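User: I would like the structural terms for this model set against their definitions. Please go through them one at a time.

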Amino acid sequence: MSIIEAPKAHNPKALADQSKVPLTTATKSTSTTNACRMCMPLGACLAYVGFDATVPFLHGSQGCATYIRRYLISHFAEPMDIASSSVGEAATVFGGEANLRTGVTNVARVYKPEMIGMASTCLTETIGEDVPGMIARITHPETGLAAETGQRVPNLVFASTPSYAGTHADGYHAAVAAVVKAHAADGAETDSVNIFPGIISTADLRHLHEILDGYQLPHALLPDYSVRLDGATMARYEKLPAGGTSHAEVVASGRALASITLGGLVTTGVELAGDVLASDFGVEHLRMPLPIGIRLTDTFTDRLSELSGQPMPAWLDAERGRLVDAYIDGHKYAADRTAIVYGDEDLVLGIVSFLSEIGIKTVLAATGGHSGRLAAELAAVNPGRNIAVIDDSDFEEIEAAASELRPDLLIGHSKGYATSRRLGIPLVRVGLPIHDRVGAQRLHHLGYRGTQELFDRIINTLIQVRQDESEVGYSYM
Amino acid sequence: MKTPEAAPELPAKALAAVDVEAISALDLSRPDAGLAMPSGSPDPDGLVRDLVSFYPPRVQRKRSRHIKVNDPHEIPKIEANVRTAPGIITQRGCCYAGCKGVVLGPITDVLQIVHGPVGCSYYAWMTRRNQADVPDDAQNFLNYAFTTDMTENEIIFGGEKKLAQAIREAYEIFHPKAIAVFSTCPVGLIGDDVHAVAREMKAELGINIFGFSCEGYKGVSQSAGHHIANNGLFANVVGTEELPASMKTNPFRVNMLGEYNIGGDAFEIERILARCGIQLISTFSGNVQYSEIARSADANLNLIQCHRSINYMAEMMESKFGIPWLKVNFIGADSTAKSLRKIGRYFGDEDLIARIEVVIAQEMGELEPVRTDVRTRTNGRSVMMYVGGSRAHHYQALFSDIGMPTVSAGYEFAHRDDYEGSRVLDSITIDADSRNIEELTITPDPERFAPRKTEEELAALEAGGLKMHNYDGMMPEMAKGSIVVDDISHAELEHLIKVYKPAVVCSGIKDKYVIEKMGVPCKQLHNYDYGGPYAGFKGAINFYIEIDRMVNAEVWRLITPPWAAKKPA
């Protein structure tokens, strides 16, 4: 393994090179250094919060719930309650069923939820806990919790999410599939569409509603954490704030006209909710990339037009027009610039495709995910562009690549900040986690509007570098 | 690296004017009385009953033992350090968090590898905001998170080989002075022996490599991890190097235990100690390097800031090397002054005592105008705090400085002695969860054991009002009728806020937004809301200004719109 010297800061004003440690070249090492993905239970908890009156519940050591809470809370700046069965040493040896049962009792009593969204952790998966069996015993009509305590037992769903088997994105999709599998029902087809949005911002979720309403298309977003994770301050605190996909919507998802999964690049073996509905109830399942950039948003809106029989609403058409106008005005700043894009596979696919529309060359698309399909999907959307991809990656690799490739921009979440700082390359923050800026919840990424916001942020970042580098001090760029 | 410097000159006139005799007569052993409860506070006994009413009967009984109405003169017994009821949304973390996240994490030049799946390492990656001032020629791994990133393959077939390979590669790339390995939940379950791997790699690579069995499921909270970290650091690092003779010229040599340099607190403590002419050898663990900890056995006094997380280390160092320990509190201006006086009293040197007095006078001179000004806007406004294993106690002093009474407080992961004081140590029942955490048996080191004070000297100090190896705990310094809540749950917190309507609640990020949704500002005392330092004199000034801003910010008045305010309630 060769060692190269820590490169000097590109931008003399940058507070670069805090590190006293030499950077390494991009060699695949045994350990992961500064990971570019989080764990499966985190994604599961995030998904569960998007279902109405649901409390996420992790079966395992309480540290998992605590760490995940502090991470999601620092991104959304909102309360985020995750219960834990607090499995300790004794329960690790003798089994955690009693803990799980007490946990469910306490959550049911204090929070009175409609649903408890359960997920496993490394601990309970390694000792082989049979959570579905436990749930069956808790909900048993004669010997279950309701018979024992006289208390109503919420719906209990379970997703298997050991961190060693996948990423936070996998955990998210596993939880959504678990909810749908448990509660979707058959019946006469409706004219509603299921949208499986993936891990996107609360602003994006609200914008998706707006677009779908614009096509007068009845729909459900599964899940939808836009209210619970971007709430108002009203001088009172709701233990279980309202908002999210309703139980009725989950039940009806089995009778929908179609399902659309945005993104959905998951590790082999992780099931998508859209596939569950297709195989259980024959609901047509369309998978498409996140609608970022004009082409991918066109693909999405075109589908909505087909499904609704409605033309594009005038306001949306105008947003598209303004975005094209902005591309024309601004692409000169972008032309021939280079970027490294990193993060969740779905977001990387969307952003790289958008960048190629405005002339920014992605010199590296990196992700901690390992679906193995990112390169193929990128090539399909961007034929002839030969975009280098590293998956199952970490910041050791990304930083080594960045120090060689010297892109003009890094685009990704907050964990790239150290690289950005050391190399003096500006970072445009997208995705999750963003915990070094305010407003992560309010960032738009999707649709023409989200693309417009991304476009402005990216171009302005490039302009600022040019402006700062100029000795003249132009205020007219 | 903290290099001993000559203490700065202080005005000779001021030094000469210090009345050492009067200072030596001060009673430094008496707990400071907490500010009295505001008039009109609710009946505390009724409140405690209401607080648990929404739980099932069994949980009501359990929680009642953790919630007590305080009486500083007749301290009630409170249950602590027992397993959290499942499903109650707790603030507590895990054993791994206490070991890697808290105690070992801040050491800048020990390369730390988390043996486990990816999440555990990711979530402990710079999350505690420990700061460090690393010399140019030294390594700094603070912003690195190394993990073996276990996959299903290792869970089934074992991860020892992958761990050994990861250690080898890390060594080849970085050549660190030492490598520490941390176990996460699956490691103990699949039977990986991190200690054996560490031993083999230590022999192969020739640097110090040591492991920690800090699986997340051990103990009842991060507290178990602190203990395991103390044991490992003590057994593998402390006393393995000797302080060079050139650094042994100052007899007033101390270690600072339980100071993690969140927001730069340790920098401020270093500054104050240096002004007083006290030499700091090592801080466990903040702004600290491996060799400083290795040389810490050459100190003549251990100062304990966070008693909960590090008292084991102090006890073990006293048994093995003969270094006594003294509980201090550098949070709060008055308590900082008192702590410095205790150090002066311990060393018993008249010049040192005089220097300390002059430093206190100078620092207080700068601080008083700010405190007096802020106090006009904060006096009498109440505070609640539920945090940590020491902070919920220490910060009461800082609020007392500006006239704000603490009406309710509690720890996340402390033990009974942190509430009631060292005097209850013998009566603490050890349950199965704690029994599993190894208690090292320490005997005096045949070569290095040297009692810094004789039994007679210690007895004389005690008689003169200086309690050594003693912590009085939180409750003696809280008002009569205040409510103490151990391991508070969300539901209880919410109820207490509704009843007390405090001006500010101190907690951590997990509760911050719950509290602020209710229209009450929340000061995070884990990460300081990305501010600080709050320790020492300059830190106290920062804190006064910060609290003034928080409790008087315009935004709280904007929550209720004018049309809603007009409606009859």
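Below, terms used for this structure are checked against their cut-offs.

Analyst: This is a predicted model, in which local features need pLDDT of at least 70 and side-chain atom pairs count only at pLDDT 80 or more, while totals for chains, interfaces and linings use all residues. Residues are numbered from 1 along each chain as its sequence is written, and chains are lettered from A and ligands numbered from 1 in the order in which they are written.

User: Why are α8(A) and α11(A) called roughly parallel to each other?

Analyst: Helix α8 (residues 168–183) of chain A and helix α11 (residues 273–281) of chain A pack at an angle of about 25 degrees, with axes 8 Å apart. Axes are lines fitted to C-alpha atoms, for helices over the stretch in contact, and angles run from 0 to 180 degrees between N-to-C directions. Angles under 35 degrees count as roughly parallel, over 145 as roughly antiparallel, 65 to 115 as roughly perpendicular and the rest as oblique. The two helices, α8(A) and α11(A), are therefore roughly parallel.

User: Which residues make the contact of α8(A) with α11(A)?

Analyst: V176(A), A177(A), V180(A) and K181(A) come from α8(A), and A273(A), V276(A) and L277(A) from α11(A). In contact means that the C-beta atoms of two residues, placed from the backbone, lie within 7 Å.

User: What makes strand β8 (residues 258–262) of chain A largely enclosed by the rest of the structure?

Analyst: A residue is buried if 20 or more other C-beta atoms lie within 10 Å of its own, exposed if 12 or fewer, and partly exposed in between, with C-beta atoms placed from the backbone. Five of the five residues of β8(A) are buried, so the strand is largely enclosed. A258(A), I260(A) and L262(A) point one way, S259(A) and T261(A) the other.

User: How do you know that β8(A) and strand β9 (residues 284–288) of chain A pair?

Analyst: Two strands pair if DSSP finds at least two bridges between them. Five bridges join β8(A) and β9(A), in the parallel sense, and S259(A) stands opposite H285(A).

User: What is the sense of the pairing of strand β1 (residues 32–33) of chain A with strand β3 (residues 146–147) of chain B?

Analyst: These two strands, β1(A) and β3(B), pair in the antiparallel sense over two bridges. T32(A) has T147(B) as its bridge partner.

User: How many residues does each chain give to the contact of chain B with chain A?

Analyst: Chain B gives 74 residues and chain A 62. Helix α8 (residues 160–174) of chain B gives the most to the chain B side, with eight residues.

Methods:
Helix = DSSP H or I, 4+ residues; strand = E, 2+ residues; numbered from the N terminus.
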